[in-house]
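User: I have a model to go through with you. I want each label set against its cut-off.

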Amino acid sequence: MNKFSETSDQYRQIQIETSSSLDLVILAYEALIRNLYQALEALSTNPASHDVFNESLSKSQQIVSALDDGIDDSQGELASTLADLYQFARAKLIESNMDKDVEKLKALIATLEQVKVFWEDSR
């Protein structure tokens, strides 16, 4: 690990430790979207890097699970809507992994970017 990477990791850890719940949700969406872009990039290389693609989707699935686990059920309709979104995201991740379908990933990214903007506007 180089010095820049260590500093970046330390900064990220401090950011996480000092963030509000909403900030953590936004950070999770940013990481999720970043991983999905990495998956897209892995498929567009020649030859396609299926290992990187699979690893990126696996990380994405873990983030979706963490977001789903963090839903506050006392929030009524919002909690239900988020649960549906995360179920939808999981299904698209599985389909994309099986089909190696770039368009499904792009559509999922677009949806998640819209939701991220909602969270950012909620600050």
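User: What makes the lining of the second largest pocket nonpolar, polar or charged, residue by residue count?

Analyst: The lining divides into 9 nonpolar, 2 polar and 1 charged. The lining residues are V25, A66, L67, G70, I71, D72, Q75, L78, A79, L82, Y86 and W119. D72 is in that lining, and Asp counts as charged.

User: What should I know about the source and the numbering?

Analyst: This is a predicted model, where local features need pLDDT of at least 70, side-chain atom pairs count only at pLDDT 80 or more, and totals for chains, interfaces and linings use all residues. Residues are numbered from 1 along each chain as its sequence is written, and side-chain values use heavy atoms, with hydrogens and water left out.

User: Why is the second largest pocket called a pocket, and how much space lies in it?

Analyst: On a 1 Å grid over the protein atoms alone, a pocket is an open set of points with protein on both sides within 12 Å along at least five of seven lines. A cavity is a set where a 1.4 Å probe fits but cannot get out. Lining residues have an atom within 4 Å of a point. About 210 Å³ of space lies in the second largest pocket. That volume is the space filled by probe spheres set on the points, with grid points joined across faces, edges and corners.

User: Which helices each supply at least two residues of that lining?

Analyst: α3 (50-69) and α4 (77-99) do. The largest share, 4 residues, comes from α4.

User: How do you know how many helices and strands the protein chain has?

Analyst: Helices (H or I, at least four residues) and strands (E, at least two) are DSSP runs, numbered from the N terminus. By that rule the protein chain has 5 helices and 0 strands. The order from the N terminus is α-α-α-α-α.

User: What makes the span of α2 close to the expected one?

Analyst: The expected span is 1.5 Å times one less than the number of residues. Helix α2 (residues 21-44) has 24 residues, for which 34 Å is expected. It reaches 35 Å from its first C-alpha to its last.

User: Why is N35 called buried?

Analyst: Buried means under 20% relative accessible area, exposed over 50%, partly exposed in between (1.4 Å probe, protein chains only). N35 has 8% relative accessibility, so it counts as buried. N35 sits in helix α2. Beyond its neighbours within four places in sequence, N35 is in contact (heavy atoms within 4.5 Å) with S56, K59, S60 and I63.

User: Which other residues of α2 are buried, and what covers them?

Analyst: Among them are I26, A28, Y29, L32, L36, A39 and L43. The cover includes α3, α4 and α5 (102-121).

User: Why is S96 called buried?

Analyst: Its relative accessible area is 0%, therefore S96 is buried. S96 belongs to helix α4. Leaving out residues up to four places away in sequence, S96 touches F53, L57, D101, K104 and L105.

User: What puts L108 in its accessibility class?

Analyst: L108 has 2% relative accessibility, so it counts as buried. L108 lies in helix α5. With residues up to four places away set aside, L108 touches L36, F88, A89, K92 and L93. The C-alpha atoms of L108 and L93 are separated by 8.3 Å.

User: Is Q62 buried or exposed, and how do you know?

Analyst: Q62 is exposed, because its relative accessible area is 54%. Q62 lies in helix α3. Its C-alpha atom and that of R90 are separated by 9.7 Å.

User: Why is K100 called partly exposed?

Analyst: K100 has 30% relative accessibility, so it counts as partly exposed. K100 is in the loop between α4 and α5. Its contacts, neighbours within four places aside, are L43, H50, F53, N54 and E95.

User: What is the phi of K100?

Analyst: Phi of K100 is near 55 degrees, a positive value in a residue other than glycine.

User: What kind of peptide bond joins N46 and P47?

Analyst: A cis bond, with omega about 0 degrees. P47 is in the loop between α2 and α3.

User: What share of the protein chain counts as buried?

Analyst: Of its 123 residues, 28% count as buried.
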